[in-house]
Amino acid sequence: MSARHEPVDKILASGGDLGRIASELEHVPQAFPRRVNADPEQVERGLAQLVLTLVELLRQLMERQALRRMELNTLTDDEIEQMGETFMKLEQRMQELKEHFDFEDRDLNLNLGPLGNLL
Amino acid sequence: MIHLYGLVQGLDDLPDLRGVDGAALERRRIAGLDVVVSRSTRELGEVTHDAILVHANVVEELMSRSRAVLPAQFGRAFTSEEQLTEAVQTKATALERGLTRVRGCVELGLRVLERGSRTDESTGLSGSDYMRTRLAEATERDRFSQELHGPLAALSRTSTRFGGASGDLLQAVYLVPEEQIEAFREHMNRIEGAHPELTMVCTGPWPPYTFADDREESHERSA
Amino acid sequence: MSTRDEHELKYQVTLVELVDRVLNKGVVLTGDITLSVANVDLVYVGLRLLLSSVATLEEQRDRELHPVGAQP
């Protein structure tokens, strides 16, 4: 690999913990590193990651939708209470699963190219 | 296989660079548009670290020598000159429009991470309290994110704000006229000074990758 | 943080942002997708398409719920 092509850094401005940004960003160009990591040992964890990503996505979509309806005042107090309990339980269960498989939040995010990260 | 780097306007000479797989850069005139490509004998374009950097470097160089560049996405290639010609002809009007849109501008990217993690002490809350807490958080997040984004968008020709990523308070790209880059940087420094608690990074100037394609038009918010 | 680490981090952030742009952004003509992709990636590619459409649906429904002027 020729050093000639290595880009110079393009940080126009930055603040706070750059390391945190770097580690978040590592998950961005997924098409690239994933190819390298596609060994059979990783398949099971990869599958769990895929499934949990989907579940987490649906959970957040539903929660967002519920909050939106709450804002629009189209939910009764009982409905809000029930939904809140459900989302709380879902969140706790999700947390347990993440701990079990040793995933962090960012592992369950999907980069959608032009749409950005979905979660 | 024909590898496409992008479309250019007002380019005098091709940069003295080799393209992907060490192939020479060439230009084509198709439907009144100036197209930069290289030909390679390889059947399949592999995504290698080096190929990506070569592609990016060529686009950078084109950018510094042209009035406008519409960078092409890496990883799509044409099997014949006819296929390339047809593809450019089909999209000629949109490409022309794209070149006009990005002329004289660069792309700046911004990511701002959430200020601390959100309140995770949901145990013991009633369902309603949980929902109200979440709603308040979401509202405050939107408000603050818009407060950061608004002035930057005003300095841009156009901008795109991406949906709320977890951990990202604001993720946006700005198409900024070259003469506004300094003002943009100064504004970033002001934000940094006013909010030392924020973790953020602004990158660029990039060739206008994010604003190159039509699909972005639906995301545009006028400044 | 040492200057060297800082430099390394900045470089890393730049590189990631760059790769994201080159692979995910940029103008797309109809050319063939020539990336050689492992099976796992195909699942992700399919998932991305599915999720894109979910997001579009959401946007559509939002527009229906809050019609803000006429669509152009």
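Strands β1 (residues 2-9) and β3 (residues 33-39) of chain B run antiparallel to each other and share 6 bridges. Strand β3(B) also pairs with β2 (residues 25-30) of chain B, again antiparallel and again over 6 bridges. Keep in mind that this is a predicted model. Chain B comes in two domains, 2-102 and 105-222, while chain A has a mean pLDDT of 72.

- β2(B) and β3(B) make a hairpin, with 2 residues separating the strands.
- In that turn, Ala31(B) has a positive phi of about 50°.

**Helix α1 of chain B**

- Helix α1(B) covers residues 49-65, so to speak 17 residues end to end, and its first and last C-alpha atoms are 25 Å apart.
- That span is close to the 24 Å expected at 1.5 Å a residue.
- Because 12 of its 17 residues are buried, α1(B) is largely enclosed by the rest of the structure.
- The buried set includes Ile52(B), Leu53(B), Val54(B), Val58(B), Val59(B), Leu62(B) and Met63(B).
- Also among the buried residues of α1(B) are His55(B), Asn57(B), Glu60(B) and Glu61(B).

**Where the two domains of chain B meet**

- Domain 1 of chain B puts 10 residues in contact with 8 residues of domain 2 of chain B.
- On the domain 1 side, the elements giving two or more residues are α1, β4 (68-71) and α3 (92-102) of chain B.
- Which of these gives the most to that side? It's α3(B), with 4 residues.
- Sorted by class, the domain 1 side has 7 nonpolar residues, 1 polar residue and 2 charged ones.

**Strand β8 and its partners in chain B**

- Strand β8(B), residues 168-177, is mostly covered, with 9 of its 10 residues buried.
- β8(B) runs antiparallel to β6 (residues 105-113) of chain B, and 9 bridges join the two.
- One of the pairs to look for here is Leu110(B) with Ala172(B), its bridge partner in β8(B).
- Another antiparallel partner of β8(B) is β7 (residues 158-161) of chain B, joined to it by 4 bridges.
- Thr160(B) has Val173(B) as its bridge partner in β8(B).
- As a general rule for regular strands, side chains alternate between the two faces of the sheet.

**Chain A: layout and confidence**

- Chain A has 4 helices and 1 strand, and along the sequence they follow the pattern β-α-α-α-α.
- Of the 119 residues of chain A, 26% count as buried.
- Taking contacts in chain A between residues at least 6 apart in sequence, 74% join residues at least 24 apart.
- As for confidence, 67% of the residues of chain A reach a pLDDT of 70 or more.
- Which elements of chain A have the lowest and the highest mean pLDDT? Helix α2(A), residues 31-36, is lowest at 37, and helix α4(A), residues 77-101, is highest at 89.
- Residues 28-37 of chain A stay under 50 in pLDDT, and the model gives this stretch 19 contacts beyond four places in sequence.
- Residues 111-119 of chain A also stay under 50, with 36 such contacts in the model.

Key. Residues are numbered from 1 along each chain as its sequence is written. Chains are lettered from A and ligands numbered from 1 in the order in which they are written. This is a predicted model: local features need pLDDT of at least 70, side-chain atom pairs count only at pLDDT 80 or more; totals for chains, interfaces and linings use all residues. Two strands pair if DSSP finds at least two bridges between them. The expected span of a helix is 1.5 Å times one less than its number of residues. A residue is buried if 20 or more other C-beta atoms lie within 10 Å of its own, exposed if 12 or fewer, and partly exposed in between; C-beta atoms are placed from the backbone. Domain bounds come from an automatic or database domain assignment. Two residues are in contact if their C-beta atoms, placed from the backbone, lie within 7 Å. Ala, Val, Leu, Ile, Met, Phe, Trp, Tyr, Cys and Pro count as nonpolar, Asp, Glu, Lys and Arg as charged, and the others, Gly among them, as polar. pLDDT is the predictor's confidence in each residue, from 0 to 100.
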